[in-house]
Amino acid sequence: MGQFLIPEEEWSTGEKKKFQSTLWDASSMKNTLDDAAKTIFVDGFKYKESHRLIDGRLAISLLACSCAAFALVWDYLNPFPQSRPVLIACVAAYYVVTCVLTAHMVWWEKNIFMRAYQSDPAGLDPDSVWTLSSNLPRYTTDYTITVQFKDGSTGSLNEVSITKPMSVWYDGTGLLLQSQYEPEIRKLHDQLISKKKD
């Protein structure tokens, strides 16, 4: 496999982040694993992270808050009996926008926590897209991370995933064992790169 992109000593004692999690808090442990995988792709592989999914969610949320703020201001300027039709319209609009937000999170974002772009070294082909998603079913510690690769030149889409109990990547204090986690993420990455070459 070669040497690690980020040396183990930099992970644990150097300037790099230590990934600490709260033991027995599955959500905290999952988020820590997600952050570590994101760090490997952005800092280790030097891919450019895209924030479009989160920006979309924030824009939809801003629209919902704008509906509520408009209703508040309108009701202040025109007390209740006069503001009733506008309040009804704003409540209906708020409901529709929150439904759109929910649909965006469920069907568009899914469980994606990072999308990154890999530029073509020659600069001729479009960027390749790396998408990382994770899943942690309720009442279990089996963490699944999926790495998806869309080749910019061919448009082909491949993905690989791994499922393991989260406890194999943590020590007894809740510190992430990067020396065990990073090779797993690198292996998924390398599998997709080898598929690209085939």
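Which residues in H2 are buried? In H2, the buried positions (under 20% relative accessible area, with exposed over 50% and partly exposed in between, using a 1.4 Å probe and protein chains only) are Ser28, Met29, Lys30, Thr32, Leu33, Asp34, Ala36, Ala37, Thr39, Ile40, Phe41 and Gly44. Do keep in mind that this is a predicted model, where local features need pLDDT of at least 70, side-chain atom pairs count only at pLDDT 80 or more, and totals for chains, interfaces and linings use all residues. Residues are numbered from 1 along each chain as its sequence is written, and side-chain values use heavy atoms, leaving out hydrogens and water.

**Confidence**

- The protein has a mean pLDDT (the predictor's confidence in each residue, from 0 to 100) of 84, and 90% of its residues reach 70 or more.
- Confidence is lowest in helix H1 (residues 8-12), with a mean of 47, and highest in strand E4 (residues 142-150), at 93; helices (H or I, at least four residues) and strands (E, at least two) are DSSP runs numbered from the N terminus.
- Residues 1-5 stay under 50 in pLDDT, and the model gives them 12 contacts beyond four places in sequence, a contact being heavy atoms within 4.5 Å.
- Over residues 11-15 pLDDT also stays under 50, with 13 contacts beyond four places in sequence.
- Where pLDDT is low, the predicted coordinates should not be read in detail.

**Helix H2**

- The 19 residues of helix H2 (residues 26-44) should span 27 Å, and the end C-alpha atoms are 26 Å apart, which agrees; the expected span is 1.5 Å times one less than the number of residues.
- Just after H2, Lys46 adopts a positive phi of about 65°.

**Aromatic pairs**

- Searching the whole structure turns up 9 aromatic pairs, where rings of Phe, Tyr and Trp (its six-membered ring) pair if their centres lie within 6.5 Å, and planes under 30 degrees apart count as stacked, over 60 as edge-to-face and the rest as tilted.
- Tyr143 and Trp169 have ring centres 6.1 Å apart and planes at 90°, so this pair is edge-to-face.
- Tyr143 sits in strand E4 and Trp169 in the loop between strand E5 (157-165) and helix H5 (178-197), so the pair ties together parts 26 residues apart in sequence.
- Tyr143 counts as buried at 0% relative accessibility, and Trp169 does at 2%.
- Trp169 also pairs edge-to-face with Tyr181, at 5.0 Å centre to centre and 70° between the planes.
- Elsewhere, ring pairs join Phe41, Phe45, Tyr47, Trp130 and Phe149 into a cluster.
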